[in-house]
Amino acid sequence: MADQQKKIHPVHEDVEAQRSPPPTLPFLPKDSSRSDHDKVPQRTFPVHHSKPPKKRSTRCGLCKCLCWTLSLLLILIIVIAITLGILYLAFQPKLPKYSVDRMQITQFNLTNDSNLEATFNVSITAINPNKRIGIYYQGGSHISVWYTDTKLCEGSIPKFYQGHQNTTLLNLPLTGQTQNATALANSVQQQKQQTGNVPLNLRVDQPVRVKLGQLKLMEVKFLVRCRLVVDSLSSADNAIRIQDSSCKFRFKL
């Protein structure tokens, strides 16, 4: 009975000890020494040194400056285009017209020393078709007559003002001398015999200033190029007949 009354008491173990996992050591390579196990690993943080972005700010400044410059240029171009458009609608400019109406030869012969002396009188008609634009013909003009690549004579146009819708007839004396011109005289004679005519070129370089209303613009240069075909260059005929004539006009600043 004594044995039956003996009670069995369970062994109370530390519950917390059972629950907590055993401590683990950090993984180390096989070739590490014991002292390495005793060292406590330390975490290191990189130090970042902040520097001001000088290059980036400089590039941004250049980009802004370039953008402002392009914007101003674009605005300027638009303003100029609008101004020119208004002026064009207000004045409706038209190109002047030129024609060679008559040519007289008072001298075209060889001298004893083989020089060719030429004296022409050329009549040119200048037409200004504009209603609100005048033309100031400035000094320093030059007009010349050429046969192939040889200049025969030259002269100038006097200064004058051509008003609105005006037609002006210019009678211009031209003189010239060509040295050693025996071959040139023979070439002109052969051209006359073979074709019955002689081709000439008339060139005009004329400085002008255009007047828009009361505004006088800067000086430009009128360039007139005329191709002529005449029946002869003999001084005995005096008045020669112009068989064909065509003039082209352009200007340059």
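Predicted model: local features only at pLDDT ≥ 70, side-chain atom pairs only at ≥ 80, totals over all residues.
Colleague: What makes up the chain in terms of helices and strands?

Modeller: The chain holds four helices and eleven strands. Of its 253 residues, 27% are buried. Among contacts between residues at least 6 apart in sequence, 66% join residues at least 24 apart.

Colleague: Why is serine 141 called buried?

Modeller: Its relative accessibility is 9%, and the term buried applies under 20%. Serine 141 therefore counts as buried. This serine lies in the loop between strand 3 (133–137) and strand 4 (142–147).

Colleague: Which residues does serine 141 contact, leaving aside its neighbours within four places in sequence?

Modeller: They are Gly155, Ser156, Ile157, Asp205, Gln206 and Pro207. With isoleucine 157, the side chain of serine 141 reaches the backbone nitrogen at 2.8 Å.

Colleague: Why is the pairing of serine 141 with glutamine 206 called a polar contact?

Modeller: The two side chains are joined at 3.4 Å. A polar contact requires a pair of N or O atoms within 3.5 Å, one able to donate a hydrogen and the other to accept it. The pair is therefore listed as a polar contact, at 3.4 Å.

Colleague: How do you know whether glutamine 206 is buried or exposed?

Modeller: Its relative accessible area is 2%. Buried means under 20%, whereas exposed means over 50%, so glutamine 206 is buried. Glutamine 206 belongs to strand 8.

Colleague: What else lies around the side chain of glutamine 206?

Modeller: A polar atom of that side chain lies 2.8 Å from the backbone oxygen of glutamine 138.

Colleague: What makes up the lining of the largest pocket?

Modeller: The largest pocket, with about 620 Å³ of space, is lined by 21 residues. Nearest its centre lie Pro93, Val210, Leu212, Leu217 and Phe251. Two or more lining residues come from each of helix 3 (54–91), strand 3, strand 8 (198–212), strand 9 (215–230) and strand 11 (242–252). Strand 9 gives the most, namely five residues.

Colleague: How do the residues of that lining divide by class?

Modeller: There are 19 nonpolar residues, one polar and one charged in the lining of the largest pocket.

Colleague: What lines the second largest pocket, and which element gives the most?

Modeller: This pocket has a volume of about 190 Å³. Its lining includes Phe108, Asn109, Leu110, Ala185, Gln189 and Lys192. Strand 1 (97–110) and helix 4 (182–195) each supply at least two lining residues, and helix 4 gives the most, with four. By class, the lining has seven nonpolar, four polar and one charged residues. Lys counts as charged, so Lys192 belongs to the charged class.

Colleague: What does UniProt list for residues 65–91, and what form does that span take in the model?

Modeller: An unreviewed UniProt entry lists residues 65–91 as "transmembrane region". Such annotations may be inferred rather than shown by experiment. In the model the span is 100% helix and 0% strand, and its end C-alpha atoms lie 39 Å apart.

Definitions and conventions. Residues numbered from 1 in each chain as written. Heavy atoms only, no water. Buried < 20%, exposed > 50% of the residue type's maximum accessible area, 1.4 Å probe, protein only. Contact = heavy atoms within 4.5 Å. 1 Å grid on protein atoms, 1.4 Å probe; cavity = no way out; pocket = protein on both sides within 12 Å on 5 of 7 lines; lining within 4 Å. Points joined across faces, edges and corners; volume = space filled by probe spheres on them.
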